[in-house]
Amino acid sequence: MEPWSKIGVALLGCALTASAQIPEKFTNLKVLPPDMPRAELVEVMKGFTRSLGVRCSTCHMGEEGKPLTTYDFASDEKQAKRNARLMLQMVKEINGKHLTAVMPESGAKPITVTCYTCHRGSRQPAGPAPVPPPAPKAGS
Ligand code: HEC
Ligand code: HEC
């Protein structure tokens, strides 16, 4: 079982109203499990909005302010959704393939990466790289 709900830094409890407004069955899940329960999927999606500081309509075909029943969630028309799917695939590989292969010498369990790890509440995470510390002086 993948800890999908952790990937988007999900918040428990606020998924219920949105959940009632979206279809029960999903037709276009390519990275998330196609049979994912609705409540769980909504939590992952809410995690996306919080991690990136965006709304459902940033990625999905629908009008802000209109009920979610009017949205076409299965459509891949928006570039942001297609980008998000690539990101989801990337996070899955980082967590499932790379981080699980790391054996920290401390014996600590490797942590998992989430959308928030990089995005920190913003759609464009990439800022200028921090200035590296000066090299240590020889002999110190
Ligand atoms: C950052 C982009 C992004 C945001 C924001 C987002 N979604 Fe999604 N959503 C996706 C991606 C990507 C998929 C497809 C995942 C896959 O292929 O496994 C998806 C799939 C879905 C699906 C399944 C559609 C189907 O039938 O296959 C539903 C329903 C959905 N999202 C609802 C929501 C709701 C409700 C919100 C707002 C709370 C939301 N999404 C916010 C990117 C986003
Ligand atoms: C390892 C760091 C990292 C992680 C983790 C990460 N992202 Fe990103 N993401 C980036 C970077 C860097 C860019 C900017 C790429 C560019 O602009 O060329 C980006 C760009 C995006 C974009 C395109 C921005 C736009 O304006 O359309 C979306 C959407 C997105 N990420 C969604 C996600 C989602 C959803 C997750 C979690 C499933 C995620 N990202 C996890 C680093 C990350």
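1. Arg-120 has 12 C-beta neighbours inside 10 Å, so Arg-120 counts as exposed.

2. The average pLDDT of the protein is 86, and 86% of the residues score at least 70. One stretch stands apart: over residues 9-15 the pLDDT stays under 50. The model has 18 contacts for that stretch beyond four places in sequence. Where pLDDT is low, the predicted coordinates should not be read in detail.

3. On the overall fold, the protein has six helices and zero strands. Along the sequence this gives the pattern α-α-α-α-α-α. There are 140 residues, of which 14% count as buried. Among contacts in the protein with a separation of 6 or more, 60% are between residues 24 or more positions apart.

4. Helix α3 covers residues 38-52. How far apart should its ends be? At 1.5 Å a residue, the 15 residues of α3 should span 21 Å, and the end C-alpha atoms are 21 Å apart, so the two values agree.

5. The buried residues of α3 are Leu-41, Val-42, Glu-43, Val-44, Met-45, Lys-46, Gly-47, Phe-48, Ser-51 and Leu-52.

6. Which residues make up the largest nonpolar core? There are eight: Leu-41, Val-42, Val-44, Met-45, Phe-48, Leu-52, Val-91 and Cys-115. Helix α3 gives the most to this core, with six residues.

7. Ligand 1 is surrounded by 29 residues, and the closest are Phe-26, Asn-28, Met-45, Cys-56 and Cys-59. Of these, Met-45 also belongs to the largest nonpolar core. Helices α3, α4 (56-59) and α5 each supply at least two residues of the shell. The largest share, seven residues, comes from α3. By class, the shell around ligand 1 has 20 nonpolar, five polar and four charged residues.

8. Ligand 2 has 18 residues around it, with Asn-83, Ala-84, Met-87, Cys-115 and Cys-118 coming nearest. Cys-115 is also a member of the largest nonpolar core. At least two shell residues come from each of α3, α5 (79-98) and α6 (115-119). Which helix gives the most to this shell? It is α5, with six residues. The shell around ligand 2 divides into 13 nonpolar, four polar and one charged.

9. The residues that follow α3 deserve a look. Just after the helix, Gly-53 takes a positive phi of about 65°. Val-54 lies in the loop between α3 and α4. Is Val-54 buried, exposed or partly exposed? Val-54 has 17 C-beta neighbours inside 10 Å, so it counts as partly exposed. Leaving out residues up to four places away in sequence, Val-54 touches Thr-49 and Arg-123. Val-54 and Arg-123 are 69 residues apart along the chain, yet their C-alpha atoms are separated by 7.1 Å.

10. Gly-121 is placed in the segment after α6. Beyond four places in sequence, Gly-121 touches Ser-51 and Gly-53. Gly-121 and Arg-50 are 71 residues apart in sequence, while their C-alpha atoms are 6.1 Å apart in space.

11. Arg-120 is also in the segment after α6. Most residues other than glycine have a negative phi. Arg-120 has a positive phi of about 50° although it is not a glycine.

12. Lys-109 is in the loop between α5 and α6. Lys-109 has 9 other C-beta atoms within 10 Å, and is therefore exposed. Lys-109 and Leu-99 are 10 residues apart in sequence and 9.6 Å apart in space, C-alpha to C-alpha.

Technical notes. Residues are numbered from 1 along each chain as its sequence is written. Chains are lettered from A and ligands numbered from 1 in the order in which they are written. This is a predicted model: local features need pLDDT of at least 70, side-chain atom pairs count only at pLDDT 80 or more; totals for chains, interfaces and linings use all residues. A residue is near a molecule or strand if its C-beta atom, placed from the backbone, lies within 6 Å of it. Helices (H or I, at least four residues) and strands (E, at least two) are DSSP runs, numbered from the N terminus. Ala, Val, Leu, Ile, Met, Phe, Trp, Tyr, Cys and Pro count as nonpolar, Asp, Glu, Lys and Arg as charged, and the others, Gly among them, as polar. A residue is buried if 20 or more other C-beta atoms lie within 10 Å of its own, exposed if 12 or fewer, and partly exposed in between; C-beta atoms are placed from the backbone. Two residues are in contact if their C-beta atoms, placed from the backbone, lie within 7 Å. A nonpolar core is a set of buried Ala, Val, Leu, Ile, Met, Phe, Trp, Tyr and Cys residues joined through C-beta atoms within 7 Å. The expected span of a helix is 1.5 Å times one less than its number of residues. pLDDT is the predictor's confidence in each residue, from 0 to 100.
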